[in-house]
Amino acid sequence: MSYQLSHLKELESESIFVIREVMAQFENPVMLFSGGKDSILMSYLAFKAFFPAKIPFPLLHIDTGHNFEVTMTFRDMWVEKLGVKLLVGSVQEAIDNKMSVEEKGFNASRNALQTYSLLKSIEDGKFDAAFGGGRRDEEKARAKERFFSHRDEFGQWDPKNQRPELWNLFNGKKNSGEHFRIFPISNWTELDVWQYLSQEKVPLPSIYFSHKRNCFVRDGVIYSDSDFVNKRPNEKVEEMQVRFRTIGDMTCTGAVLSHASCVEDIINEISISRVTERGTRSDDKRTETSMEDRKKLGYF
Amino acid sequence: MSSSLLRFTTAGSVDDGKSTLIGRLLYDSKSIFEDQLEAIQQASERRGEGAVNLALLTDGLKAEREQGITIDVAYRYFSTPKRKFIIADTPGHIQYTRNMVTGASTANVALILVDARQGVVEQTKRHAIIASLLQIPHLVVCINKMDLVDFSQEIFEKIKEDFSDFAAKLSIKDVEFIPVSALKGDNIVNKSDNMPWYLGYTLFYFLENVHIASDNNLTDCRFPVQFIIRPYSDNFHDYRGYSGRVVSGVFKKGDEVMILPSGFKSKIQKIDTADGELQEAYPPMSVTLLLEDDLDISRGDMIVRPNNTPEILQDIEIMLCWFNEKRLTVGGKYGIKHTTIEARCLVKDILYKLNINTLHRDENDNVIQMNDICRVRLRTTKPLFVDKYKNNRYTGSIILIDEGTNETVGAGMII
């Protein structure tokens, strides 16, 4: 007997430890859920952490209104399967109430508007900890993120003044009105996520797999044709064989040309890919530090 | 085939080639992607830097990029078919001791870089001392820039000897020396043709094969209770599970156990997980233990074996690394976290301050500022169930919390 865990089992154990620690240290946690693979993984790990009891906190979806239809169907199926409560924070509602202002122009996106609805949902629900599925390998600002990440009463992140995290001792102390963002899958890479989801046979929304779709290309990014994206006159819609590597709002998530039709194909594809998954996200390309800038304001 | 996970830490300054080495490891394991390379190429050009600055890969924060320094711990990932690696990359300057300590706290391996032209310098010693204080099980000393000293065996041997002389004063178990050129790739992945006299491992081979299974303490059974699982559903009416992470030892179904602090005994009825029951559990597994007897157990209690118990103490002595701008004061009160226990503590005495360049103990200096390391005596409001840090990283470590600001102000290793 070697008493050595596989790397996936060790990552699983670390994430479960973090999730349980939050239930022990906080009064009213909530888990952000977008319907993408990372939040599916995170909620699946939460299910494992409290088994055979049910997940003791609700999931929160910040809905931009610009979703892929299939991820919404999947979301409702998954929530029912887990037996967990779902809350929805609506960006459309914030726009209707004039609390958020829609971006204009061809690259308009509701991505940044999620921050307002997220902070409002956290405030309204009096949540003191919000789990997010961010991973350190995703993006350079996220590489600096803690497992327990403090947010002040304005929901702001102060990257230069973060609490050191040593061993497995997590400090979730805070003043009232402040909250924490918790990142239980910090140490997972994109490949780890896929390998684990494959090993555990976790169901996934169909748009992660290769399919035919009407798309157009802008600045090297393949966008799905939809009513939410304004096309320029010279942008031509074509049917392409694509899949999505990340799932976000339709206005900022690009597809990749792919024939990968099952998880094993995807693992092979990622193993030899020379581009990161966020290479398809136009929201990160706005400036060199756009993720850090958004995170400081309260984005996840 | 399943692969294992290895965490290693590096520390270094701008010029010793650390970024180049990390860049090389990521590049050679195909973990740098085109869009990342393109982004840092563009950023390097904007800055008017000639070559691509690989440090921009890890220096992700705006302030770091502006000042050209690493401020915080940056985590990088790469994997080979054999192992997944997590690098905690930390700045090496003395004012960032707290970040080095943080990166070292969970590492299996410390990678120390020495510039072959300069040999063992103050910073090398500092890294070795921190690796030793934090009891990192394996140390690999990469003697870098060998191409700039004509791949000289003599220079390599001299540095090896100097380092070994110094390391003899420390408690470092396993040291490996590798002559490399991170820039040219010598002895990184492939054996160097330029150094036929070197018969040891390449860095990649070492990292892929270093034996880490016994880094965990498998002898002393310690299970700090983290959270109680009670389903309150018809199917699991009487279910009362104690969930947590096995920090050391191997727990088996049927084992007799003792609960601290009550001292009550029981037997392990079941080791439960969402994937089904297990016959045994070992570190660092997260599991749920069910006991044969109905006992009053809550978070902060510890499940151990009756014939092998930790010490139950309210007075502890620790090596403390201080993290905060506000000085540590004798008579000061702080929050303390140890395993899943939270308590308060009083600083009774500062015994000495350690010079982390020379190992000199200064008993007359009790002005403890940010990044200082000192030996202190604490009195806690509750008993802690402790082992010495050198025997158990997880029952031998604590953090201190400022009760006004809630910041983590110090980290301690129990002596």
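## Strand pairing in chain B

Two strands are counted as paired if DSSP finds at least two bridges between them. In this predicted model, strand 9 (residues 241-245) of chain B and strand 14 (residues 286-291) of chain B run antiparallel and are joined by four bridges. Within that pairing, B:R245 has B:S286 of strand 14 of chain B as its bridge partner.

Both strands belong to an open sheet of seven strands in chain B, whose order is 7-15-11-12-14-9-8 and whose pairing is antiparallel. From one strand to the next, the twist averages 40°.

## Domains of chain B

The domain assignment divides chain B into domain 1 (4-215), domain 2 (222-304) and domain 3 (311-414). Taken over C-alpha atoms, the centres of domain 2 of chain B and domain 3 of chain B are separated by 30 Å, and twelve residues of domain 2 of chain B are in contact with nine residues of domain 3 of chain B. The side that domain 2 of chain B presents to domain 3 of chain B is made up of six nonpolar, four polar and two charged residues.

In chain A, the assignment gives domain 1 in two segments (7-193 + 288-297), together with domain 2 (205-282). Their centres, again taken over C-alpha atoms, lie 24 Å apart, and the contact between them involves 20 residues of domain 1 of chain A and 19 residues of domain 2 of chain A. On the domain 1 side, helix 3 (69-82) and helix 6 (190-199) of chain A each supply at least two residues, with the largest share, three residues, coming from helix 3 of chain A. By class, this side of domain 1 of chain A has six nonpolar, nine polar and five charged residues.

Helix 1 (residues 7-25) of chain A has 19 residues, which at 1.5 Å a residue should span 27 Å, and the distance of 27 Å between its end C-alpha atoms agrees with this expectation. Helix 1 of chain A is also mostly covered, since 16 of its 19 residues are buried.

## Contact between the chains

Between the two chains, 53 residues of chain B are in contact with 49 residues of chain A. On the chain B side, the largest share, four residues, comes from helix 2 (residues 34-46) of chain B, and the class composition of that side is 27 nonpolar, 14 polar and twelve charged residues.

Methods:
Residues are numbered from 1 along each chain as its sequence is written. Chains are lettered from A and ligands numbered from 1 in the order in which they are written. This is a predicted model: local features need pLDDT of at least 70, side-chain atom pairs count only at pLDDT 80 or more; totals for chains, interfaces and linings use all residues. Domain bounds come from an automatic or database domain assignment. Two residues are in contact if their C-beta atoms, placed from the backbone, lie within 7 Å. Ala, Val, Leu, Ile, Met, Phe, Trp, Tyr, Cys and Pro count as nonpolar, Asp, Glu, Lys and Arg as charged, and the others, Gly among them, as polar. The expected span of a helix is 1.5 Å times one less than its number of residues. A residue is buried if 20 or more other C-beta atoms lie within 10 Å of its own, exposed if 12 or fewer, and partly exposed in between; C-beta atoms are placed from the backbone. Axes are lines fitted to C-alpha atoms, for helices over the stretch in contact, and angles run from 0 to 180 degrees between N-to-C directions.
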